[in-house]
Amino acid sequence: MAIYDEVLAFIRVPELALFESLALKVFRHQFDSVAPYRQYCLSRGTRIGEVSSLDQVPALSTAAFKYAELGDTVTKSERAEVRVFMTSGTTAGRDERGRHRVPRLEIYRASALGHLRKMLFPDGARMRMLSLHPTADRMPESSLGQMISWMFEEFGAGETLCVADRKGVEIARALEFLGSTERAGEPVCVMGTTSAFGALFDELQTQSLRHSLARGSRLMDTGGAKGQSVPLSPSQVVEHAQALLGVDPASVINEYGMTEMCSQLYDVTAFNSCSVRNPGGTGFLDKRPKDRRKLGPAWLGVAAVDPSSLKRVADGHPGLLRFFDLANVGSVSAILTGDLGVIQEGTVRVLGRAEDGEARGCALGIEQFASREN
Amino acid sequence: MNPATTTGKLEAGSFADDRHDAEPAAMASLTSAIRLVVAGVRGAERCTSDRVASALGYTAELWRKREFAPRRETVAGLASVLGMTPALLEESFDALLEPVTTSLLKARAATLPVANRLFAFLMPGNVPGAGIHEVCAALLAGAGLIIKSASDERLFFANFMQTLAEVDPAVGARVAVVNFSRGENVLMRELWDCCEGGVVAYGDDATLAALAAGAARGTRRLAGFGSRLSGALVMTGASPSAAEAAADGLARDVTLFEQRGCLSPHHVFVAGGAGEARGFAARLARALGALERRLPAPARLPLGAAAAIRALRERARWRALAQRPDSRDRGHDVALWEGARDDLSSVATTGRMRDGLPESMGWTVIYEGAADFCSGPGYRTVFVSAVESADELGERLGAAAGRLEAFALAAPPDMRTRLEGGLRMLGVSYVCQPGLMQTPPLDWPHGGGAMLELLREAAR
């Protein structure tokens, strides 16, 4: 378990200078202990003894989590500590859900809460909590649900409420809770998927309701367009949160995360900018919501890579997002996503998902009429 | 009726968002072009359809010669702008221009109404030269044309029509090629106001739907050519030579124009069982690899396409690796062939990890035995699946049914008629042998024959 303990220690007290050496150690451990990953590395011509930098570590597509068992089969785990999280299957169908086996849950907990503390609770506040996504007791296979349950424990004070289960979100109960919170004049943290917020905002608009939540209230949405028939853009989330709930735009924080990773990234805004590691400046904080940048924790390496060569592209240039997540020590840490993004000063601007394919018109370039998001 | 083809009436008021005032010089240039074309159509010098056919035919004859200077310039310019290699553009233009001959143009003219009015053409940017069938039909019908080229592809029609004007100035005077940037709504309004014959637009479905919505309120006729897909059915029986020929032909169909147009096949269904289909996928991979040596892929793919190909490959790779031993027996197996950078040969992932050659993005073949019709991101990405018999094809087209433009058919002669009939019932406008998909005849009823319909309306 030594490598697990080393990672946990790093997450608790990160020493940036040691990140790469620990990451390489984790890679070697995973090469030895996760058979499909080892096969993949060998198929790409990787020789373990020759890997001396993170850029040489083959990144595994998130697709692999759907089809291969990517758990550490060497290190013994306490049964109570092991959890398997599953993707929602919204894009590939329910029969092709990704599975992420996490052999030591406390590492995921330390990772998730450690970064949340900086990005969503930088003021050290504890407050009322409202979840529009099922918590772990209601949906144990949801990594987001697990994270929200931990948030309740760690940052909750006073009333906490989850209004979602497998069947859906009880918007009426959410509105009731928000009303009582407003009347009490207490701040609240509301969290859920972007699509759940879409439903909440729709209902508020339908009922012509406006809340003015107490100062210090905050909102975390995640998932973006996934599951939405009419996707709510990042700008719309911020605008609606301000107009309908009275939440300061800087306190509306979008999370970028996935079941396949135990670490997450969050919008950097004036609310949490004190947490920005990079001293290169915070001039980007006034960006419109769709141009916001996201920051991962110190134990998450980020890069944008050329989809063809899989080599890192220069900062400021778009590429597929690749991560090395130390918190994934029990599965595979080097992850290649299907998302395009740009790395700038250690932060990530997520551009969106690369589409698999689409019908070809004779004129994809009839740009004269093409509408673009503002 | 072809659902992706829109006909309706369009009012100039569709351009509601006048964000930019037109530059006076740009407006003057457009109005001058329109005036000249109107004068060309009304001119004292009579242009019979025979004369138009001869002029167009001779122009195309010149353009079929690779050493013809305007073609050379066009190929060089487009290679730089579109990222397609010159060799690929040359072969693609050869295919496109093959049917544009004087005799075939004359035969085509005999089937068209007289419509000596002014038409606007809003051209595509993804496939250079696309739209030439409709342009020829309109000219043969006696129309005047204002062709608005796309910002990505300004060269083909500008240069081709320049040659036409040199071949026969009177015919050339009936066409003007203009280019202005998007958002120039004042210019667009002017264009639409003046083209009383109608508007021919190429675009994605959302764009055309917006145009059609505007058309429903107005007085302009619109023929829209929207997002469409193509595929292939292979029934070669036990003949290896027929399978080889079909694979070679389909490799060409996939490769030309980098699979960016509506005539490019995305999914090949092979009748006769999983073993045969899988074998055909391997043949197709070899054929694509061989063709890539002669017609190199772009040195660098657009980011979105490369990312999409990467996503498809990784999914196929891991599905292939994870499949159960009996997958193949059940026809549910998956295999991936991808170009390899070192020697451009095929590298297959077929249930075990492949051995270390660095891959290239030049081409991709994904075999999924039981998949319904899939569309890829282009750039030589093709799916192969099995069907027990041709009768199963209809249900396997899935969401693509009704959005199909062309289908290549490799089948015994005695089955072709029935199969062609079935495909046409599904809205397929062009059925051909493998290898001919990018060479539709001049009377190809693109998008269900919307152009002919527009000309007939204008002729009334």
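A residue counts as buried under 20% relative accessible area, as exposed over 50% and as partly exposed in between, with a 1.4 Å probe and protein chains only. By this definition, 60% of the 460 residues of chain B are buried. The model is predicted, so that local features need pLDDT of at least 70 and side-chain atom pairs count only at pLDDT 80 or more, while totals for chains, interfaces and linings use all residues. Residues are numbered from 1 along each chain as its sequence is written, chains are lettered from A and ligands numbered from 1 in the order in which they are written, and side-chain values use heavy atoms, with hydrogens and water left out.

**View 1. Overall make-up of chain B.** Chain B comprises 17 helices and 14 strands; helices (H or I, at least four residues) and strands (E, at least two) are DSSP runs numbered from the N terminus. Where residues at least 6 apart in sequence are in contact (heavy atoms within 4.5 Å), 78% of these contacts in chain B join residues at least 24 apart.

**View 2. Strand β2 of chain B.** Strand β2 (residues 118-122) is largely enclosed by the rest of the structure, because five of its five residues are buried. In a regular strand, side chains alternate between the two faces of the sheet. Here B:L118, B:A120 and B:L122 lie on one side and B:F119 and B:F121 on the other, all of them buried.

**View 3. Strand partners of β2(B).** Two strands pair if DSSP finds at least two bridges between them. β2(B) pairs in the parallel sense with β3(B) (residues 144-148) over five bridges, and B:L122 stands opposite B:K148. With β5(B) (residues 198-202), β2(B) forms a parallel pairing over four bridges, where B:F121 stands opposite B:V200.

**View 4. Packing of helices α2 and α6 in chain B.** Helix α2 (residues 49-63) and helix α6 (residues 132-140) of chain B pack at an angle of about 145°, their axes being 9 Å apart. The axes are lines fitted to C-alpha atoms over the stretch in contact, and angles run from 0 to 180 degrees between N-to-C directions. B:S49, B:V52, B:A53 and B:L56 of α2(B) meet B:C136, B:L139 and B:L140 of α6(B).

**View 5. Surroundings of A:G223.** A:G223 lies in the loop between β9 (218-222) and α9 (234-245) of chain A and is partly exposed, with a relative accessible area of 37%. Not counting residues up to four places away in sequence, A:G223 touches A:T194 and A:E255.
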